[in-house]
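Please keep the sequence and the model open while reading.

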Amino acid sequence: MFAYRKIKRGSIIKVRDYLPANKGTKYKIPKDFNLDSDVPEQSFSEEVLCCLPKEGQNWQIPEHELKSRLDLRSYNICSVDPPGCTDIDDALHYKDLGGNVCEVGVHIADVSYYVRPDTALDHEAANRGTTVYLCDRRIDMIPDLLSSNLCSLIQHKDRLAFSAIWKMTKDTAEVLEVRFARSIINSKASLTYEKAQEMIDDKSQNGAIHKSLRGLNELAKKLKARRLERGALVLARADEIRFIEVESETFDCDSSLEIQHKRMVETNSMVEEFMLLANISVANKLLEVFPEQALLRRHPKPSKTNFQDLIDSARAKGFEIRPDDGKSLSSTLDKAQLESDYYFNLMLRMIATRCMTPAAYFCSGCFDPQVVSFSHFGLAADLYTHFTSPIRRYADLLVHRLLACAIGSETLDKNMQNKENIQMLCDQINYRHRMAQLASRASTRHHTILYMKSKQELVEDAYVFSIRQNDIQILIPRLAFQHTYTLQPNYAWLYDVDERTQKNIKHNIVLKQFDRLKLHISFSAREDLTLANRLQVRIIEPPLDIPDQIDAIEKDATQRKYLESIESPLEQNIMDMEQKPTIDGDSYEQVKKKIRLGLDSKKSAKPVIVVPGDSLDKYITQDTTILGPGLMRIYDMVVATKSGILKWRNNNLFWVDSHQKRYVAARGECVIGVVRSKGSLHSRVDINSAELATLSLLAFEGANKRNKPNLNVGDLVYAKVLSASKHVETELVCVNSNGKRDGLGVIGDKGGVLISLSIDTVRVLLSPICDLLEKLGQVHRYEIALGMNGRAWINSSDTSTIVQVADMLRKFDLG
């Protein structure tokens, strides 16, 4: 039964611990990172904690488990993990059986023993879906007693495990036999990747663990070679970094952050290969025993059009990428190397990663294998699942339950007997996994900015990662950081879509994709800006950004010359509008305030301010009312879901205006989008929202499969939002309800300038009581398109008119 209660919600902006200012006292690093992603981070409830063993860390394995499980405590088992890892959920062993045969085991923490189905602990784990790893902390899926203690395969501790054991040939790493068993293990060593690599390389040492690691490493090389031969992809992102605290004698809370790059060694690949082998083996076993209930993971093969950006990027440097299949894609990526530049191939692989469709969990019984492929494109595997990380992934925990039933260790839980239930769980896990990724990336970005702030000024080597119509994406490899550099003023830049270049007319500088740059990074002293907005990035090689002093002198001189040389009636008109009353005795500043607060013509009216949880039945009574952003209907009530001012139009359209910077799509609104990628039938469009929107090429006037508009990456489109939901991609159309263009469609093909305004200002400009655009039109001829996503496109036959109108709108925006 659904129960509704009114909850006031807020968010912590910053927490500071002001400790006594004694000598040597340090401030704690403030945890001011605000999780915008939907990540459950509350403490575990008492009901959940009651499901844990009452003995706590003193819990011992029961006698009946010792008798019923495979006892592997005498085996030379070891774990290999990153430095500082406490939730150790996998370990390995190697055993020489003589001749050309050996035994290899992957042992995974048996979390399913502790997390029983349909308990409070199980429900909480299912809701969280995954452990979230942030730079400064970890948000566990299960309580710390399990994740870092009883389930963790700690050195010299007896632990419950689920084991996959193979007999393999030494020379070719062919699997001869595989078996699965619930076991008890005792890890002989908890190693880091670097330590394990040292033990492999040190030929003077021949201990049991040394020999085991060498045997595993040789087999892993053969497994990887065979996997790559099948067409598995080696994709990339910028070198991973992590932040460490170092001793500091200062009180600056950010100064103790230092960057440590992740060093890749052979043992990273060694562990990965055996985890992949275990996941593939378990997937085959589950589908064999439970053809309708197997929980698997699929990675669909992307369509060829998805790779157009990658193909064009490589072609600009003289390389051909062939994405016909995984093998040809992998081989052509390998060949796309520049001897003089290591990072070129890395950036190509990063672009290839972005071309991929996301992998997802699914239930085998909910899809027809004749229609939907179960394979994993990136790994070149016919079947795949996740089995090896049940401490941090709920999907692995469900797979353990299925596998336990498959080997006769347990009976199948009733919830796992229904394929629809399993698919619902998969959908929840897919969503939580996506949110965890976003939170982790945001945390890394936040801490990178903190690091740059602590250094005050930095000079860094960088690359032009991608070029768009109004900005360029810059990659700073040492910091694994990407920055959007806005090209201002817009009219000073010429964008060539085909050549992937931006030319600055003033400095006669051309920026191409993959060009090397040198940046000067500093921070603004303005405390009213957010941390990210205080970041100032200047391109000093090529000399695009002039130093502050020269820039200020030149700017003042240019402005003086501009004002002296132009006696523009438009300029005077705007000055008059800013100084004189305009509407009902109100100045434009007063008009803007009225519109923003939602006031009517009576000056005594007050804005309706709402917070999340407020019931709005007093204002919204009709069932046919259209609810916009910030409102939702719960049974017969309408409640607010965000803070702001309640706005309405014609008494049948209501929304909450919260003056947000990021656009939240709403059905029926017109937006200006930038085409980011194109396919045979659809294009992906940037509408200043959290996710790209989809625009069908058939959603234009007169369009059909034979006659479609020729959209290119970087084109501007004026479109209407057809559907919008937080659960699916926003869909756009360029026709009205009668199938007519009605002003919608491609707008940048005739030139013009695109500028960004606040979403709030766009709403003010579109208000019937604001006549600013009309008064501008009385002076000069121009055309303008306003998008509810905070963008304005201005065009005119006179370039100076475009410049002046854009400047006036920016002034109005800042006023």
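In which order do the five strands of the open sheet lie?

## The five-stranded sheet

The order is S16-S15-S14-S20-S21, and the pairing in this open sheet is antiparallel; strands here are DSSP runs of E of at least two residues, helices are runs of H or I of at least four residues, and both are numbered from the N terminus. Two strands pair if DSSP finds at least two bridges between them. The edges are formed by strand S16 (481–486) and strand S21 (535–541), each of which pairs on one side only, and neighbouring strands are turned against each other by 40° on average, with direction ignored.

The model is predicted, so local features need pLDDT of at least 70 and side-chain atom pairs count only at pLDDT 80 or more, whereas totals for chains, interfaces and linings use all residues. Residues are numbered from 1 along each chain as its sequence is written, and side-chain values use heavy atoms, with hydrogens and water left out.

## Helices on the sheet

Strand S14 (residues 458–467) is joined by four bridges to strand S15 (residues 471–476), the two running antiparallel, and Ser466 stands opposite Gln473 in S15. Helix H10 (residues 342–355) lies across S14, S15 and S16 and runs at about 50° to S14; axes are lines fitted to C-alpha atoms, for helices over the stretch in contact, and angles run from 0 to 180 degrees between N-to-C directions. Helix H12 (residues 419–454) also packs on the sheet, where H12 touches S14, S16, strand S20 (516–523) and S21, and its direction makes about 75° with that of S16; contact means heavy atoms within 4.5 Å.

Of the 14 residues of H10, 10 are buried, that is, under 20% relative accessible area with a 1.4 Å probe and protein chains only, exposed being over 50% and partly exposed in between. Among these buried residues are Phe344, Asn345, Arg349 and Cys355, and their cover includes helix H8 (308–315), helix H9 (326–335), S14, S15 and S16.

## A helix crossing and the cores

The axes of helix H5 (residues 193–201) and helix H7 (residues 266–289) come within 8 Å and cross at roughly 100°. That makes H5 roughly perpendicular to H7, a class that spans 65 to 115 degrees, with angles under 35 counted as roughly parallel, over 145 as roughly antiparallel and the rest as oblique. Tyr193, Ala196, Gln197 and Ile200 of H5 make the contact with Glu266, Thr267, Asn268, Met270 and Val271 of H7.

Met270 is also one of the residues that touch the most other members of the largest nonpolar core, which has 92 residues; such a core is a set of buried Ala, Val, Leu, Ile, Met, Phe, Trp, Tyr and Cys residues joined through side-chain atoms within 4.5 Å. Helix H11 (residues 394–406) gives the most to this core, with 10 residues. Leaving aside neighbours within four places in sequence, the contacts of Met270 include Val80, Ile200 and Leu213. A second, separate core of 47 residues includes Val675, Ala693, Leu765 and Ala785.

## A covered strand

All five residues of strand S36 (residues 791–795) are buried, with Arg791, Trp793 and Asn795 on one side and Ala792 and Ile794 on the other. Four bridges join S36 to strand S34 (residues 753–756) in antiparallel fashion, and Ser756 has Arg791 as its bridge partner. Strand S35 (residues 783–787) runs antiparallel to S36 through five bridges, one of which pairs Leu786 with Ala792. S35 and S36 form a hairpin with three residues between them, and Gly790 in the turn has a positive phi of about 85°.
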